[in-house]
Amino acid sequence: MGLGKTIQAIGIINSDPEIKTVIIVCPKSLKLNWKRELEKWLVREYSIATIDKSWINADIVILNYEALSKFSEQIQSQTWGICIVDEAHYIKNAKALRSKNVKAIKASRTARLTGTPIVNRPIELYNIISDLHDFGSFFSFAKRYAGAHHNGFGWDFSGAQNLDELQKRLRETIMVRRLKMDVLKELPRKIRQIVE
């Protein structure tokens, strides 16, 4: 939190005049924050809609993971200029419905934002990054970085190996990693308030 992921994503929109339509998928609690930040930092005019109960045609559509199923027909009926997935670690499980719904979104560009890219195991990273860059097939990734092996009952993907190599590949291709100590001078002072 506080390292500028939202503003960096808006910077992608600002830097590419070809981006005419944007879909932002985020947790419900972040939808209004996204709207505020977009209104503050966008350099071109866009209509912005946060989607809850009904579909609104807007240039930028912000909706939460749970709404993806409800509006899948409208979402999948077009190719978006960019699809931004906030808290992308929510789609680490390829079998989960929300992961399938995110993967079904057609977009010319994709940005995945998370402060927690590898929650427990390297294998959880594959579904998040597999369509951002060619990291090989699921099994080649699993064998190289998750120590995948057949244990007599089935495949075990719970291991971790070659992590320095994985980190190097991620940083060279798709990952921007910022640490709080790197941006501490840029962060505003903490604001504490009691919300009843």
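How many helices and strands are there in the chain? The chain holds 9 helices and 7 strands; helices (H or I, at least four residues) and strands (E, at least two) are DSSP runs numbered from the N terminus. The radius of gyration is 18 Å, close to the 16 Å that the globule rule gives for 196 residues, so the chain is as compact as a globular protein of that length. The radius is taken over C-alpha atoms, and the rule is 2.2 Å times the number of residues to the power 0.38. Along the principal axes, the C-alpha atoms fill a box of roughly 55 × 45 × 40 Å.

The model is predicted: local features need pLDDT of at least 70, side-chain atom pairs count only at pLDDT 80 or more, and totals for chains, interfaces and linings use all residues. Residues are numbered from 1 along each chain as its sequence is written, and side-chain values use heavy atoms, with hydrogens and water left out.

An open sheet of 5 strands runs in the order E2-E3-E1-E4-E5, with parallel pairing. Pairing requires at least two DSSP bridges between two strands. Strands E2 (48-51) and E5 (106-113) stand at the edges with a single partner strand each, so one side of each lacks a neighbour in the sheet. Neighbouring strands are turned by 20° against each other on average, direction ignored. Strand E4 (residues 79-86) pairs with E5 in the parallel sense over 7 bridges. Asp86 has Leu113 of E5 as its bridge partner. Helix H2 (residues 31-41) lies across E1 (22-26), E2, E3 (60-64), E4 and E5, at about 160° to E3.

The axes of helices H7 (residues 138-145) and H8 (residues 163-173) come within 9 Å and cross at roughly 130°. Axes are lines fitted to C-alpha atoms, for helices over the stretch in contact, and angles run from 0 to 180 degrees between N-to-C directions. H7 is therefore oblique to H8; angles under 35 degrees count as roughly parallel, over 145 as roughly antiparallel, 65 to 115 as roughly perpendicular and the rest as oblique. Phe141, Arg144 and Tyr145 of H7 meet Leu163, Glu165, Leu166 and Arg169 of H8. Contact means heavy atoms within 4.5 Å.

Ile91 lies in the loop between E4 and helix H5 (97-103). At 0% relative accessibility, Ile91 counts as buried (under 20% relative accessible area; exposed is over 50%, partly exposed in between; 1.4 Å probe, protein chains only). Beyond neighbours within four places in sequence, Ile91 contacts residues including Tyr65, Arg98, Val102 and Arg112.
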